[in-house]
Amino acid sequence: GNQVLVSDTTGSRNTGVGYKSLYSATTGSQNAAFGVAALENDTTGGNNTAIGSFSLWTCTICNNNVAVGSSTLSLNTGDSNVAIGYGALTKSTTGSLNVAIGADALLEQTTGTDNTAVGGLALENTTTGDLNTAIGLDALQANTTGASNTAVGALALLRATTASNETAIGYNALNSSNGLRNTAVGYLALENNTTGIDSVAVGAN
């Protein structure tokens with residue numbers, strides 16, 4: 001592609017395919033960029049993989065990131081993130097050690113770290129929350145600043161915005177909770193809990 005790796009001086013084992021991919025790379029090594037402007041601004045970062053136009057676009061000295069999909073991780077300067085799917089981690093700026101797999105997974109995250117979202121819209125609205133795990137469609141979708149939550153199952157902890165230390169396993173479990181330290185295992189378990197704390201429910205409904 002045109003203007004690929006034009007700034008390279010001592011970098012090694014880099015691959016750029018697409019207009020301005022790895023355009024600014026000088027000494028970074030072991031990067032792979034496929035797509036228009038993929039990893040365009042990377043200078044000394046290494047071990048990054050960017051597949052899709054503008055993926056990892058802002059990354060300058062970041063390392064060990066994987067971005068697959070148009071604009072994934074496009075604003076990120078952190079390390080060791082994985083974003084796969086349209087909109088995944090698109091707004092992340094300095095977050096590190098995050099995994100987002102699925103359309104719009106962790107879409108709104110800016111500085112949060114150590115989050116894992118697997119499924120469409122999982123953890124979509126999380127901005128600065130840390131240490132959350134969401135597996136399933138819409139799991140923890142409304143979470144913004146809540147931390148240390150685990151949601152496994154479609155719609156689990158769906159409406160929780162600031163809840164922390166909650167565990168929901170099962171469809172719609174703890175759907176409306178903004179409580180603390182609740183555990184719900186089973187279909188619709190603790191579905192209507194809103195602000196309760198330290199509750200445990202095991203079994204459907």
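Modeller: Buried means under 20% relative accessible area, exposed means over 50%, and partly exposed is in between (1.4 Å probe, protein chains only). This is a predicted model, in which local features need pLDDT of at least 70 and side-chain atom pairs count only at pLDDT 80 or more, while totals for chains, interfaces and linings use all residues. Residues are numbered from 1 along each chain as its sequence is written, and side-chain values use heavy atoms, without hydrogens or water.

Colleague: Fine. How many helices and strands in the chain?

Modeller: The chain has 0 helices and 12 strands. Both are DSSP runs numbered from the N terminus: H or I, at least four residues, for helices, and E, at least two, for strands. Read along the sequence, the pattern is β-β-β-β-β-β-β-β-β-β-β-β.

Colleague: What does the C-alpha trace span?

Modeller: About 60 × 20 × 20 Å along its principal axes.

Colleague: And what share of the residues is buried?

Modeller: Of the 205 residues in the chain, 48% are buried.

Colleague: What about contacts between residues at least 24 apart?

Modeller: They make up 0% of the contacts (heavy atoms within 4.5 Å) between residues at least 6 apart in sequence.

Colleague: Switching topic. How many salt bridges?

Modeller: The count is 3. The rule is a side-chain nitrogen of Lys or Arg within 4 Å of a carboxyl oxygen of Asp or Glu.

Colleague: What does Glu-40 pair with?

Modeller: Glu-40 pairs with Lys-20, and the closest N and O atoms are 4.0 Å apart. Glu-40 sits in the loop between β2 and β3, and Lys-20 in the loop between β1 (15-17) and β2, so the pair ties together parts 20 residues apart in sequence.

Colleague: Is Glu-40 buried or exposed?

Modeller: Glu-40 counts as buried, because its relative accessibility is 12%. Lys-20 is partly exposed, at 21%.

Colleague: Next one. Which residue does Glu-108 bridge to?

Modeller: Lys-91, with the closest N and O atoms 3.1 Å apart. Glu-108 is in the loop between β6 (99-101) and β7 (116-118), and Lys-91 is in the loop between β5 and β6, so this pair links parts 17 residues apart in sequence. Glu-108 is partly exposed at 24%. Lys-91 is partly exposed too, at 36%.

Colleague: And what is the partner of Arg-181?

Modeller: Asp-198, at 2.7 Å between the closest N and O atoms. Arg-181 lies in the loop between β10 (167-169) and β11 (183-185), and Asp-198 in the loop between β11 and β12 (200-202), so the bridge ties together parts 17 residues apart in sequence.

Colleague: How accessible are Arg-181 and Asp-198?

Modeller: Arg-181 has a relative accessible area of 40%, so it is partly exposed. Asp-198 has 44% and is partly exposed as well.

Colleague: Now Asn-76. Where is it?

Modeller: Asn-76 is in the loop between β4 (66-68) and β5 (82-84).

Colleague: Buried or exposed?

Modeller: Asn-76 is buried, because its relative accessibility is 0%.

Colleague: What is Asn-76 in contact with?

Modeller: Leaving out neighbours within four places in sequence, Asn-76 touches Thr-58, Cys-59, Cys-62, Asn-65, Asn-81, Ser-92, Thr-93, Thr-94 and Gly-95.

Colleague: Last one. Where is Val-36?

Modeller: Val-36 is in the loop between β2 (32-34) and β3 (49-51). Val-36 is partly exposed, because its relative accessibility is 39%.
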